[in-house]
Amino acid sequence: MKEKTAPAANNGNGNADQRPALVHTGRLIACELKRQRRPVSWLAEKLYCDRSNVYRLLQKSSLDSNLLLRISNILRCDFFAAYSKAYLHELELKTQTQPPKQNRP
């Protein structure tokens with residue numbers, strides 16, 4: 001899945017920083033279900049819930065970490081990696097935009 005970027009606040013020099021869009025967990029799960037060619041009813045059965053609940057989960061941008069871990073195990077997919085990637089990208093952007101520290105005597 002391609003990483004999307006969204007314009008952030010103007011940094012003062014007329015150029016807007018490019019920041020990664022927030023991780024939308026529901027979309028990630030939906031894409032993985034589609035990739036595996038599994039129906040929503042299959043995931044609902046594995047989660048012991050109604051498929052309407054799964055459809056609601058797929059609309060959410062974030063999920064409880066315990067639930068996300070269960071879904072990761074069921075689909076054998078590390079959804080937490082998307083958060084790690086977004087974190088590392090944000091960290092890289094911050095270090096690139098911060099001025100170097102000056103040593104004072």
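Reply: Confidence, expressed as pLDDT (the predictor's confidence in each residue, from 0 to 100), is highest in helix H2 (residues 40–47), at a mean of 98, and lowest in strand E1 (residues 5–10), at 39. Helices (H or I, at least four residues) and strands (E, at least two) are DSSP runs, numbered from the N terminus. Over residues 1–17 the pLDDT is below 50, although this stretch has 27 contacts in the model beyond near neighbours in sequence; contact means heavy atoms within 4.5 Å. Where pLDDT is low, the predicted coordinates should not be read in detail. The chain averages 83, and 75% of the residues score at least 70.

This is a predicted model, in which local features need pLDDT of at least 70 and side-chain atom pairs count only at pLDDT 80 or more, while totals for chains, interfaces and linings use all residues. Residues are numbered from 1 along each chain as its sequence is written, and side-chain values use heavy atoms, with hydrogens and water left out.

In helix H3 (residues 51–59), Val 54, Leu 57 and Leu 58 are buried (under 20% relative accessible area; exposed is over 50%, partly exposed in between; 1.4 Å probe, protein chains only). Seen down the axis of H3, these buried residues fall within an arc of 100 degrees, so they line one face of the helix; the arc is that of the directions from the helix axis to the C-beta atoms. Their cover includes helix H1 (25–35), H2 and helix H4 (65–75).

Helix H4 also holds Ser 72, which is buried at a relative accessible area of 8%. Not counting residues up to four places away in sequence, Ser 72 touches Cys 77, Phe 79 and Phe 80. Phe 80 belongs to helix H5 (residues 80–97) and is partly exposed, at 31%.
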